[in-house]
Amino acid sequence: MARKQHTHSRLPLAWLLGQRELGRIPQEQRLRYVACTIICVIATCMFALMLAINIMEENHFLILPLGAATLAGLLSYVQLHFFHNQKIALFGIFSALFLLSAYLVISGGIPWGSVIWFFIYPSAMMFCMGLRLGSLVFLPFFGCIIILFSWPVHDLLPLRYSASYRLRYIIALAGAFAFAWLSEYVRAKAYQRLTTLTGQLETHAFTDYLTGLRNRRAFYGEFARVQAAFTRNGKPFSIIMADLDHFKAINDRYGHHCGDAVLQHVADIISSGLEKNDSLFRWGGEEFVIILDGRHGQEAYEAAEKLRRAVERVPCPYLDEKVHITLSFGVHGGTALPPDDHMDLVDRLLYLAKAAGRNKVVGDAWQPV
């Protein structure tokens with residue numbers, strides 16, 4: 001039930017964003033899409049409401065610009081909703097807002113109040129469009145405002161502003177833009193750093209420090225992927241578990257540094273012997289797990305036997321010694337069972353390989369090879 005509620009809570013937002021898969025969009029882009037959608041919806045509704053009020057009041061000088069602004073808002077939302085073109089949508093809605101505000105300034109509008117609308121643009125543009133595009137869009141708007149307030153254009157406006165007011169207004173708007181630019185720059189840099197650190201943490205969380213292989217946590221994610229392909233279209237997969245034979249004796253005789261070198265050596269040999277779609281994980285201690293994506297049965301058996309011979313054939317160099325290594329393997333064909341059930345089965349097969357004398361491959365219903 002909780003899962004259904006979570007799904008339904010996402011549907012309105014997904015619909016507003018053109019039914020995009022929100023979970024697959026990077027967080028930064030997702031925030032911009034949400035902000036763009038909210039601006040388009042609110043601005044269009046505001047234009048439409050003001051248009052309706054002015055039609056009822058027969059205020060003819062605002063009907064045409066408000067109608068044009070409402071149409072621009074609708075077209076901007078269509079661009080976002082159906083074509084997912086965020087840049088065009090934002091440019092359209094901000095252009096409509098700017099032209100409406102400029103019209104109010106030119107025509108008189110609300111005395112001393114129309115020009116205040118321009119102060120929402122810097123911060124909104126920076127957040128929705130980013131530093132580069134936001135600056136490129138705002139600066140022409142800012143140039144138009146300077147032209148509106150300059151002589152002789154200003155002398156043609158119905159509402160006159162004093163020279164000191166115009167100067168203070170332009171300085172204040174430039175300051176608002178500079179502050180918005182700096183805030184967005186700091187936010188973008190912080191987000192970039194946070195993204196980098198998050199990526200590093202995810203890498204560390206899913207990577208074994210000693211061998212550089214993916215760890216047990218990463219295994220479950222990869223297992224879910226290949227099992228989903230198996231369930232969906234019957235694509236086969238197999239699980240192989242490998243365990244170093246007499247690893248404790250190696251540590252006791254040569255020391256733990258040698259044991260670490262042996263683990264790295266084995267990881268390199270197995271990695272080089274796998275195909276592109278296969279995945280290797282360090283399960284823990286001296287155990288490794290392999291997912292063969294697209295192979296099962298005899299192919300999986302032969303893959304494990306090939307790896308067994310490769311490890312047996314190449315000793316691990318350590319100081320002046322050559323440490324001979326062997327592996328025992330258990331091989332299990334993938335099914336729709338949960339991952340832990342698969343691991344229990346393949347672990348039992350590995351135990352049979354150990355019991356059969358080690359340096360063996362044992363699979364489902366087989367004799368040791």
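**Charge pairs and surface patches**

Author: In this predicted model, Glu305 and Arg308 form a salt bridge whose closest N and O atoms are 2.6 Å apart. The two residues are 3 apart in helix 10 (residues 298-313), which is about one turn of the helix.

Reader: Are Glu305 and Arg308 buried or exposed?

Author: Both Glu305 and Arg308 are buried, and for Glu305 the relative accessible area is 11%, which is under the 20% cut-off.

Reader: Which residue forms a salt bridge with Glu305 at 3.3 Å?

Author: That is Arg309, with 3.3 Å between the closest N and O atoms. Arg309 and Glu305 are 4 residues apart in helix 10, so about one helical turn separates them. Arg309 is partly exposed, with a relative accessible area of 40%.

Reader: How many salt bridges does the count come to?

Author: The count comes to 14 salt bridges.

Reader: Switching to the surface, which residues form the negative patch?

Author: Asp340, Asp341, Asp344 and Asp347 form a negative surface patch. One of them, Asp344, is found in helix 11 (residues 339-355) and is partly exposed, with a relative accessible area of 44%.

Reader: What makes the nonpolar surface patch?

Author: Trp181, Leu182, Tyr185 and Val186 make a nonpolar surface patch of about 370 Å², and Trp181 lies in helix 6 (residues 163-205).

Note on methods
Residues numbered from 1 in each chain as written. Predicted model: local features only at pLDDT ≥ 70, side-chain atom pairs only at ≥ 80, totals over all residues. Heavy atoms only, no water. Patch = residues over 30% accessible without salt bridge, like charges linked within 9 Å, V, L, I, M, F, W, Y side chains within 5 Å. Areas by Shrake-Rupley, 256 points an atom, 1.4 Å probe, with all protein chains shown as cover. Salt bridge = Lys/Arg side-chain N within 4 Å of Asp/Glu carboxyl O. Lys, Arg positive; Asp, Glu negative; His and termini not counted. Charge placed at Lys NZ, Arg CZ, Asp CG, Glu CD. Buried < 20%, exposed > 50% of the residue type's maximum accessible area, 1.4 Å probe, protein only.
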